[in-house]
Amino acid sequence: MKKTVSKSPRTRQPVPQNHQPVRTSFASAALRQAIMDNLYFVQGRVRRTATRNDWYMAVAQTVRDRIVHRWMRTIETYMENKDKSVSYLSAEFLIGPQLGSNLISLGIYDEVKNAVDRLGQNLDELLEHEEEPGLGNGGLGRLAACFLESLASLEVLGVGYGIRYEFGIFDQEIRKGWQVEVTDKWLRLGNPWEIPRPEIAFLVGFGGHTEHSSDHQGRYTVRWIPQRVVKGVACDMTVPGYKVNTVNLLRLWKSEATESFDFQAFNVGDYYKAVEDKVSSENISKVLYPNDESIHGKRLRLEQQYFFVSCSLQDMIRVHLNRGNELQDFHKRYAVQLNDTHPSIAVAELMRLLVDDYAIDWDVAWDVTRKTFAYTNHTLLPEALEKWPLPLFSSLLPRHLEIIFEINRRFLEDVRTRFSADDGRVARLSLIEESGEKFVRMANLACVGSHAINGVAALHTELLKRDVLSDFYELFPEKFLNVTNGVTPRRWLLLSNPRLSQHITQAIGTRWIRDMESHLPKLERFVNDKEFCEEWQSIKRENKTRLASIMRHRTGLVVNPDSMFDIQVKRLHEYKRQHLNALHVVTLYNRIKQNPNMDVVPRTVIFAGKAAPGYFMAKLIIKLINSIAEVINNDPDVGGRLKVVFLPDFNVKNAQSVYPAADLSEQISTAGKEASGTGNMKFSMNGALTIGTLDGANIEIREAVGEENFFLFGLTADNVQKLKKQGYHPMQYVEENGELRAVLELIKNGGFSPKEPNLFQPLIDSLLYHDEYMLMADYESYISCQDEVDKAYRDRERWTRMSILNVARIGRFSSDRSIRDYAKKIWGLKPVKIEVKESSLR
């Protein structure tokens with residue numbers, strides 16, 4: 001690439017014509033000038049010495065200036081009026097790389113690309129260079145990020161609150177087929193999107209004891225004297241809306257010691273003690289999701305949750321009072337959404353702040369608290385409904401335990417009034433589990449302390465009402481409602497799949513980007529348009545070729561882009577059933593071995609996803625997939641007709657190449673286990689067809705796209721429950737199905753692990769004698785459905801038509817629709833227009 005050479009490393013570019021404001025203008029000349037200014041004055045580099053990271057930082061800082069300009073006006077508008085806003089509390093925000101999405105939001109992607117090109121750089125290389133922020137893990141964090149983007153795009157004022165993790169969950173490497181966790185040092189080169197706010201800091205206590213007394217008016221008071229205090233410091237990131245002036249805030253909390261250095265200890269030679277408090281305090285925001293198998297891990301996890309919740313609520317109260325409001329009206333200015341059970345300690349913390357720190361009467365404080373919070377449940381797995389051992393909770397948060405006891409006492413009095421003779425119901429509803437070891441039930445606390453409880457897919461919400469939270473539903477039916485999840489089309493289509501986005505825009509215009517539900521259906525009239533369909537196919541093949549190149553670079557494996565790309569990418573968990581997919585792969589392999597000349601549809605089966613470090617069975621499934629790949633990919637009888645790839649370190653950046661390339665989306669969790677899923681939406685939005693069970697949002701996706709455009713298999717949630725009640729015997733299914741028996745025997749006898757024949761015995765034993773997630777019961781239906789997939793894929797016109805219809809009918813699964821539902825049904829919020837003078841922008 002030819003680079004522009006300046007006469008002198010200090011020579012500056014000419015001032016842009018018309019004197020456009022260099023820090024705010026979208027004009028190409030102003031953008032170039034701003035990039036050069038940031039390279040020189042902020043990065044301290046000249047062209048000759050600038051690294052790729054310097055160029056990336058200079059471009060990012062240039063874009064950030066233009067966002068900050070709008071952000072300041074958003075803040076001014078918020079402070080000037082009395083509008084209610086939402087605070088979204090989440091333990092994770094999987095926001096993904098920011099440069100590309102921010103260029104899309106500002107509508108200056110082409111302008112910046114042109115400016116970067118003119119400076120002799122390559123925007124694609126700078127985008128690839130950007131680190132993935134280690135602030136989230138899976139669907140929960142990605143959903144939170146989509147929601148923040150949609151809030152801003154819909155001009156709804158909101159703040160996301162979380163933790164500024166120094167290290168992400170981990171980077172995943174595959175060594176000899178096994179997952180190896182490597183430290184995610186995402187901040188090692190700096191974060192140009194972050195604005196530290198050291199002046200916005202709050203003290204957070206842990207441990208200690210409480211003192212009970214009466215004040216001079218005879219009022220009962222409690223004083224908490226913590227054993228240890230840490231400081232939470234705000235670090236801000238901006239969230240711009242798509243082509244609007246609204247810029248919302250993601251405020252993340254970094255933990256620090258109140259005193260970083262003990263000079264006295266240092267002077268007497270105790271060098272470790274001199275920094276001990278600094279080290280222990282900073283551990284709180286050190287890493288995302290510490291392994292909580294040990295009591296120390298559990299303690300750190302609870303510390304993290306309380307730390308960010310306390311900082312966030314103190315910050316909200318600070319802003320609320322600065323706006324001239326009374327605390328009794330807190331719920332009139334703030335709607336606070338609890339993203340799953342992780343932040344549910346907020347219920348007790350807001351009560352503590354109102355009652356202890358601001359001397360508000362208990363009944364008034366409780367009324368404010370319940371009207372402030374709403375709770376989103378994201379799971380049907382009992383183990384994911386957090387509960388904390390009472391001794392641990394008491395030692396860490398003694399005052400909060402007292403408050404929870406009092407909430408529970410009053411709550412259970414009401415329960416006994418309504419259900420006087422039902423001790424079992426009282427025990428189930430209690431905030432404290434007392435059968436055996438005692439626990440604090442965080443989901444119960446969230447249910448009692450919130451005015452709304454929502455599931456995230458229609459089936460999920462019904463199962464919450466019927467099973468998981470049935471006692472709360474009988475008690476508070478008016479609290480329960482459904483808000484199906486959604487994903488933002490700006491990242492998952494406009495940024496990830498630009499050629500398809502352009503193809504859609506050329507056909508139906510641009511309005512679909514902001515209103516998918518109303519405008520994408522217009523694509524249906526093109527399903528029989530030959531030219532349109534051929535371009536659709538060409539785009540898919542180009543995306544597959546791009547992913548094939550990435551996989552070759554990352555794994556060394558060469559795949560055929562004309563094969564069917566059959567993809568399953570998600571967190572590794574037995575209920576998500578990646579091993580059922582693996583059983584299908586081995587079934588295909590056995591068929592080819594039995595008849596090497598058989599006519600098969602070429603397939604490339606692609607897996608990606610991380611297993612929790614302490615989850616043995618999930619890590620064994622990763623090893624199985626890689627062992628199967630090693631055999632199949634090198635078997636001459638297969639001849640490249642079947643390939644298996646495990647793409648390591650799945651994250652948002654990788655996902656932006658994966659979803660657009662998929663032909664088939666594997667959504668095969670056991671019915672009744674997946675709350676919603678959002679990967680299913682991203683795949684369909686990019687034209688992939690789904691093979692799946694009636695689980696989570698699959699049900700609604702199938703209803704939307706049409707039964708004929710969805711490959712359905714397997715038991716329903718009711719079937720699963722019924723089968724388990726009457727007695728499920730997985731071995732029976734194995735005995736009755738020769739193909740299944742042959743597959744399991746090949747794995748069991750070391751067919752994919754000849755040097756360690758018993759390597760996969762724990763997995764096989766689990767399937768044969770327990771099979772919690774019903775793989776054996778669903779195997780035959782799954783294999784038959786995959787045969788139907790093959791037949792459909794052979795008919796290129798039919799497959800293309802089904803692909804177009806999936807995109808045309810996926811509009812309701814935009815996160816814009818989800819946020820409209822939350823704003824209307826739960827938060828009571830309306831859009832607020834942010835005005836920015838045009839003269840200050842150009």
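## Spaces inside the model

On a 1 Å grid over the protein atoms alone, a cavity is a set of points where a 1.4 Å probe fits but cannot get out, while a pocket is an open set with protein on both sides within 12 Å along at least five of seven lines; lining residues have an atom within 4 Å of a point. Points join across faces, edges and corners, and a volume is the space filled by probe spheres set on them.

The structure you're looking at is a predicted model, where local features need pLDDT of at least 70 and side-chain atom pairs count only at pLDDT 80 or more, though totals for chains, interfaces and linings use all residues. Residues are numbered from 1 along each chain as its sequence is written, and side-chain values use heavy atoms, with hydrogens and water left out.

## The cavities

The largest cavity holds about 220 Å³ of space. Its lining takes 18 residues, and the ones nearest its centre are Q98, S101, E149, V239 and R491. Looking at elements (DSSP runs numbered from the N terminus: helices are H or I of at least four residues, strands are E of at least two), those that give two or more residues to this lining are α3 (99–106), α6 (139–153), β8 (228–240) and α19 (489–495). By class, the lining of the largest cavity has eight nonpolar, six polar and four charged residues; here Ala, Val, Leu, Ile, Met, Phe, Trp, Tyr, Cys and Pro count as nonpolar, Asp, Glu, Lys and Arg as charged, and the others, Gly among them, as polar.

Next comes the second largest cavity, at about 120 Å³. It has 14 lining residues, with Y56, E130, E131, G190 and P192 closest to the centre. Helix α2 gives the largest share of that lining, three residues. Sort the lining of the second largest cavity by class and you get seven nonpolar, five polar and two charged residues.

Two or more lining residues come from each of α22 (530–555), α24 (616–632) and β19 (642–646).

Which element gives the largest share of the lining of the second largest pocket? That's α24, with six residues. The pocket's lining splits into twelve nonpolar, eight polar and six charged residues.

Two packed helices are described by the angle between their axes and the distance between the axes. Axes are lines fitted to C-alpha atoms, for helices over the stretch in contact, and angles run from 0 to 180 degrees between N-to-C directions.

Helix α1 (residues 28–42) packs against helix α2 (residues 52–80) at about 120°, with the axes 8 Å apart. That makes α1 and α2 oblique to each other (under 35 degrees counts as roughly parallel, over 145 as roughly antiparallel, 65 to 115 as roughly perpendicular, and the rest as oblique). On the α1 side, the contact (heavy atoms within 4.5 Å) is made by A30, L31, A34, I35, M36, N38, L39 and V42, and on the α2 side by D54, W55, A58, V59, Q61, T62, D65 and R66. This contact has ten nonpolar, three polar and three charged residues.

Q578, H579, A582, V585, V586 and Y589 of α23 make the contact with I621, I625, I628, V631 and I632 of α24. The tally for α23 with α24 is nine nonpolar, two polar and no charged residues.

Further along, helix α30 (residues 738–748) and helix α31 (residues 761–769) pack at about 150°, with axes 9 Å apart. The pair α30 and α31 is therefore roughly antiparallel. Here L744, I747 and K748 in α30 meet Q761, I764, L767 and L768 in α31. The contact of α30 with α31 comes to five nonpolar, one polar and one charged residue.
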